[in-house]
Amino acid sequence: MKKILVIQTASIGDVILVTSLLEKLHQTHPDFQLDVLVKDGNQQLFKSHPYLNKIFVWIKKEHKYKNLISLILEIRSQKYDYVINVQRFASSGLITMFCGAKQKNGFRKNPLSIFFSKRYNHQISSQPNSPHELERNHQLIQEITDREVAPTKLYPSPSDFENTSEFKTSAYVCIAPTSLWFTKQFPVDRWVELIKILPDYYSVYLLGAKNDDAICQKIIQEVGKSNVMSLCGKLSLLESAALLKDAQMNYVNDSAPLHLACAVDAPVTALFCSTVPEFGFGPRTTNSRVVEIEEKLSCRPCGLHGHKNCPEKHFKCAYGIKLESVKLKVPNYQNL
């Protein structure tokens, strides 16, 4: 049996994107043993994943480098045939460098890629028709699969769906209003405007981490409707995915909830403010749409990850988005 380890120790969204590699590897080589390495907290994404044998977890908050050495020793003992390193930081390069695998694939951007067996370009561009991140990642396994890219996929369990069933007694939409970066985040007052024009018989669930609840409570207060509820910090990642799956529509920023929705093929409307979908992180689902300002701004995109404040002080990339183009993606809105 061939053994493969996929490494992605970055954030939630990046980890969800590598599920595409797991899908493709299993489709092509169902007899291979598939393992993953993620940072602590992200292992919950794979709680009920049917194709994974082992989940390595790097605990960074305490004894970061001691834990890193232990991980390297444990991974080395597994005698992998392939290690696929999707992460582009030196720490993952160290793991790959000393993993003892027969074949080590990764990106040239990794500072230690000189020690990899094969290295690939990872070029992010704002030009039209630039590759999606799934396509960039797929390069790492193309030699043992084929050219066709698989979609991302997560596997909420029956209990995840059961735990969210109480919120599904009527038609609903989900909104994930926050982002780690201010300029990636549709403003609070614009979310309020959007919710106010949604039909009142839709329940509206605001999703996020526990520390996002303050923003969500502000939205609820300003909307002034009884059908809006914050579920921040109340659901696990897979429970959130189970809720997104059955929503009439999911409204997200260019952030992790976008990828969470895509991984269960949920309907999604992605609002891109300071970043652009050409970077390669847009939605890929059966029912998806990107909404952005129609005007061409010389300052957009202002960076790959966004900023804590708008560098130009006007935040036109967010305030210039027309709500009319957003609301029309609610299924059957015209017939309500």
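1. The structure is a predicted model, in which local features need pLDDT of at least 70 and side-chain atom pairs count only at pLDDT 80 or more, while totals for chains, interfaces and linings use all residues. Residues are numbered from 1 along each chain as its sequence is written, and side-chain values use heavy atoms, with hydrogens and water left out.

2. Two packed helices are described by the angle between their axes and the distance between the axes. The axes of helix H7 (residues 188–197) and helix H8 (residues 213–223) come within 9 Å and cross at roughly 50°. Helices here are DSSP runs (H or I, at least four residues), numbered from the N terminus, and axes are lines fitted to C-alpha atoms over the stretch in contact, with angles running from 0 to 180 degrees between N-to-C directions. H7 and H8 are therefore oblique to each other, a word kept for angles that are not under 35 degrees (roughly parallel), over 145 (roughly antiparallel) or 65 to 115 (roughly perpendicular).

3. On the H7 side, the contact (heavy atoms within 4.5 Å) is made by Val188, Trp191, Val192, Ile195 and Lys196, and on the H8 side by Ile215, Lys218, Ile219, Glu222 and Val223. By class, this contact of H7 with H8 has 7 nonpolar, no polar and 3 charged residues; Ala, Val, Leu, Ile, Met, Phe, Trp, Tyr, Cys and Pro count as nonpolar, Asp, Glu, Lys and Arg as charged, and the others, Gly among them, as polar.

4. The largest pocket holds about 1,600 Å³ of space, and of the 48 residues that line this pocket, Ser11, Ile12, Gly13, Leu180 and Ala256 lie nearest its centre. On a 1 Å grid over the protein atoms alone, a pocket is an open set of points with protein on both sides within 12 Å along at least five of seven lines, a cavity is a set where a 1.4 Å probe fits but cannot get out, and lining residues have an atom within 4 Å of a point. Helix H1 (12–17) gives the most to the lining of the largest pocket, with 5 residues.

5. The second largest pocket has about 230 Å³ of space, and its lining is made up of 5 nonpolar, 2 polar and 6 charged residues.

6. A search of the whole structure finds 1 cavity of 30 Å³ or more. The largest cavity holds about 80 Å³ and is lined by 13 residues, of which Ser274, Cys299, Cys302, Cys310 and Cys317 lie nearest its centre.

Key. Helices (H or I, at least four residues) and strands (E, at least two) are DSSP runs, numbered from the N terminus. Grid points are joined across faces, edges and corners, and a volume is the space filled by probe spheres set on the points.
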